Amino acid sequence: MLAKIFLSLFDVIFNFLHSVFSSYGLAIIGLSIVISILLNLLQSVVNRGLNGFNSKYTDLFDSMNEMEHIHNNVEKHFYIKELYKIHSYKNYYKLLDILPVLIQIPFFIAAYVYLVENASMNGEAFLFLRDLSLQDQMYFNINLLPIFMTIVNLFSGMVYSSNENRKSIQFVIVPLIFLFFLYDKPSSILLYWTMSNMISLGLNLRKFCKNNKLPRLTIQWNSLALLAGSNIILLISIIYWFLARRVLSGSFSVSLSVNLANWLAILNALAILYLMNRGTDKAPKIKRIVGFTVFVALILIFIQIQHRCFFDFCKLSAKKKEALFFFVYALLLFTYLMEQIRLPRLNKKFIAGLDIKHVIPVILVPLYYVLLNPGYFDLSSSIAFIILLTVVPIVLYLAFQIFLGEKLKRETSIILCVLTPVVFYLMPLINQLVGVRAEESFLNLIVILLITICFSIYISRKIRIDYIVIFLSLVILINMGASLLDKGRISTETASEEVSPIGQSLSAVDKSLPDERPSVYFLIYDAYADPDMMNHYGVDNDKQFDYLKSLDFRFYTDVYTLFPASLGSIAKALNMTDQFYTDRESREVISGKSLVDDYLQSVGYETNYVLKEYYVLGTSSFDGNYIFPERVDTENYQNRMFSIAKSIVLGEFKFDDEVKLGNFTKEEWIAKKREIMASTNAPTFLYTHTGPGHSQNSGKCLSTEIDDYYERLDVANKEMTEDIETILEHNPNSIIIIAGDHGPYLKGDCTSLRNYKADEISGDLIRDRFGMFLAIKWPENNKYNDYDVAVLQEAFIPVMAYISRDESLLKYNLRGSCTDKYDSLPAKMIEAGNIGLGKDKGTPVSQIMK
Amino acid sequence: MPLITLILLFAFVQDAHAYIDPGTGSILISFLISIVITIIYYLKSIFYRSMGFFSSSKKSNNLDFTDQIVIYNEGNNYWHVFKPLVEALCKAGVHFNYLSSDKDDHCREIDSEYCNFLYLGDINKSIIMLNHIKAKIVVMTTPQLEILKLRKSRYVKHYCHLLHAPVDIHTYKKFAFDYFDSVMCTSQFQVDNLRYLESLRNREPKLLLETGCTYYDDFNISEEFCDDYVLVAPTWGDKSALLKHSKDIMNTLLSADFKVIFRPHPQSYISENDKMRDIENEFENHKNFIFDKEISNQSSLGKSRVMIADFSGIVWDYCFLYQRMPIVIDSDQKMYGYEGYDISTRNSIYEIINEIGKIVDEKDVGSIDEIINTVKTDKSAFSAIREKYLFNFQNAGPVAARQLLELNERI
């Protein structure tokens, strides 16, 4: 009964933590922290009671000291008995002293039973632990975690024994016993214990410092040690993330590492807060902290009102949580720095009362954008961009000084002219966090800006403006780090050199082909769903499907993509592979470095790409024959820079909506596409990518989501009809591939299921993301079109076989699993045509949405 | 907001002064240790209690002296304490029983119809029997009733302790008198200190009788020195500061042409034989040195002018009976396991010796010869001190008998 209560307590906490972190490892660490806090509270209550109780027996305990010196055991025994009698102390009262320990035992056993027998952790990796349900075997089959735990334990014992002035072999033996017992246990329980031991080490250290009366020094050392400790873990997770990306090609979740970094950051921040609270002069610090916390709370409430999930922390998207944590982290780090570190002597007046340090955030924001979008900037445009954004506030400040210099306080001027533009510059980021659609962003911008200005002016009366500036700089810096981590834009990998078996077969086929080579049109309509899905959403698209059927398009049913995002999906399709590509690699593949492009060029095709710039952004070169719009060349960086500046001013920063950024209209773009379709210089290959496009990325479906999709679909259908008519008019014997690149994302959170537990995910949600439309018009009935395409990435296999007249290519297929994670979507959502996880695990995709 | 809750939680934790032992495991071990210790404690209690019980379970209890007075003597060395009482009782014509753990107890030689002598066997056997004795009053010099093996028999109405010497109770082991119903005291300071302990330990007040030192009744006070010897008489064991310094002291004395008698405690021949032999070897050839190994101390005490001793019973006899100067070597030892540990005042021997003798700190033993020379003897001081500190000098036996009879009637 009691065991059940404890186990269910663990279950509740663990499941809650797992839903928050979406990582078992973090949930274990969290569990350990929660249980430690709980135990500490319980123990302090019990200890207080015990101290009260024991204080009644002070005299007895004094007398007991005498007994230590009596060497005759019989006498000693009876004297003690007599003393107990005199003080009416019962011998079993001694057992009360171990009540704090007794409290721990059920937790101890529960943790052990719960974690060791928890099947949900099977196969769950965490950081450097391959599988939480197995031994860690981190280094040549040696389990490092138990060894680390033992070291922590020994150290903790050392500190403890010096606290208590007790030298005992116990402090060596116990860790060794634990090492012995836990050495070959699952890494989950070891992770739990290591964490819990680290907490107890921390508490012992705290007591040690208290005992040794090192208050001032203690704070510094403690906090530095804590900071260093957590930041080292942060660093390790970043390094590991790099390694994982390089070596293990994506089997390590990026979002996990960011998540981990977040939580470490927040722990870090809490540690700082806690340490600060220990300072002697508490009042002003606490005031300041409370002040800032209120500020944070206001912003949070605003975000939540906008998001209609008031106080519902869990509904926040990972991105928002992340931002929130980094914000709080920055806040606390800042407060800490304010207390601990003297401000750097950057008081040299820069210009008209403006310190150099006041300009730092102004420089940081543009730097942030530059780092975040390497494809958009070269060195000179980066510098220009930074100067452009930096100059505006400085000029503004000077103007204020000249015209209103005497009326406004210096602080107010700095806030209005320097900090306000900085916040303004940050609007695209804030807008992304708030996650509303473009047309609402202006309102957000104004509201947030006003709140910030008012609060800044208010707070500048309380604290020095320097601190506000440093705080803002920290926020930007930390966000910069987080974004860089998340975006993975710092990675410099290039596409893999490895050639797939299909590639080898393809390069081996006879290149001397008959003259009648059909043109190939690869027309991607972003997020175009197949008839089953359309029916499911209640979207009536039969007219368009009937139209296609009337033109003898072969419909492939229940097709899905191996990767639920445009870049990866198309790159894999053009390379006929299930290999993982980073965004950058995908762009390299799409910019003419694919198997399809290479082969078609080698047999005399002219390869054309009419795309959004997004698909070839920042690529090293273009290897096809023609691309529109032209890839960005150095001189165009300037345009791009102004485009970004413009989107900053608009409070928008959507990188997958590039059409706006080019200096051409959509009509011009379509005209270019049609020009190639109408070209009769056969053979031609054309890849174009257009709407309807998937849902917005805010992390919440709008009520009008499906209607909006229907509207976009209508536009896309018209475009499609005209495309096909153009092609058929000029090249009636061509191969036309009409396809979506991934699902329309109309269900669930309309994005990558960020806060879904694996077992909450239904087949519908999976098909909504992976399922797509595929139809191919073949020039004639032939054996090649018997090939049953099941995934988009197979589409080119029969096409290549048809063109090369090489049946052997038909033996290849890619009907494996979706092995790659994408954003919050886990790997293996579909395995060999069946749903790979969640409620409908094992159900064939073809039976979903029927 | 969960975040704020978290922060609050964390802030709250800092008040908790409880902490988890390293690895929590250490406390688990502590936990086990405490449990084991508790169990061992109870087992020990049972073991010690029943230690002798099983060995002589055959006839442990046939001492039936219901409604009678019983005197118990643990050994012949206490006979001189009981003798005046026994004689007074016989003289008063009161029937009583005299139980002894000593086969050769001199009480056997008392030829009186009132005295019923009974030998109980060795001390352990005696204790088992005494634990179940049936009697009205039991008088004994054995302390720590109900503390160690000697338990109160539930068939005894009254336990009376007869203090065997005018020593202060500081030198008794812990809880020596706590369970006696009455104590026959020799001196006022014993009464005061017993009352102090009673209140300290919340005990029922005992009947404290002003009795006196019984064995002084038979002693003839000798006024003359037989010789000019210095008696060095250490007690035994670690407690003895004198034994520690006896070589130095004797070297100093001998080189200052003093005549020295060295008289160790008889127990020293058993416990510290090597030390004794060492001393003997070093000094035996010295013409002014006597190594006294006799059983009786009377000859040495009588021969000496000055005695150097520890805080032991012999000092009292030397002052009260021989009326000579004791010099006591003081050491700063803690009285662990003794009643003195709990009593806040100093042993009253300090007071007495300050009046008629000398207390020498162990640091100053090097100048012991000079100290002896400064000592002056004033005979009247000795009788004054006797008056001041002793009850019923040389009349304690009859007083004790009378008190006992009064008790007997009252109970």
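In this predicted model, helix α26 (residues 666–678) of chain A packs against helix α27 (residues 705–730) of chain A. The angle between them is about 30°, and their axes are 8 Å apart. Angles under 35 degrees count as roughly parallel, so α26(A) and α27(A) are roughly parallel to each other.

Which residues make the contact? From α26(A) come A:I670, A:R674, A:M677 and A:A678. From α27(A) come A:E719, A:D723, A:T726, A:I727 and A:H730. Sorted by class, the contact of α26(A) with α27(A) holds four nonpolar, two polar and three charged residues.

Now turn to chain B. Here seven strands form an open sheet with parallel pairing. Read across it, the order is β3-β2-β1-β4-β5-β6-β7. Which strands lie at the edges? They are β3 (115–119) and β7 (207–210) of chain B, and each pairs on one side only. From one strand to the next, the twist averages 25°.

Look at one pairing in detail. Strand β1 (residues 64–73) of chain B runs parallel to strand β2 (residues 96–100) of chain B, and five bridges join the two. B:V70 has B:N97 in β2(B) as its bridge partner.

A helix also packs on this sheet: α15 (residues 396–410) of chain B. Helix α15 of chain B touches β1, β4 (134–140), β5 (156–162), β6 (182–185) and β7 of chain B. The direction of α15 makes about 155° with that of β4(B).

Key. Residues numbered from 1 in each chain as written. Chains lettered and ligands numbered in written order. Predicted model: local features only at pLDDT ≥ 70, side-chain atom pairs only at ≥ 80, totals over all residues. Pairing = 2+ DSSP bridges. Helix = DSSP H or I, 4+ residues; strand = E, 2+ residues; numbered from the N terminus. Axes fitted to C-alpha atoms, helices over the stretch in contact; angles between N-to-C directions. Contact = placed C-beta atoms within 7 Å. Parallel < 35°, antiparallel > 145°, perpendicular 65-115°, else oblique. Nonpolar A, V, L, I, M, F, W, Y, C, P; charged D, E, K, R; others polar.
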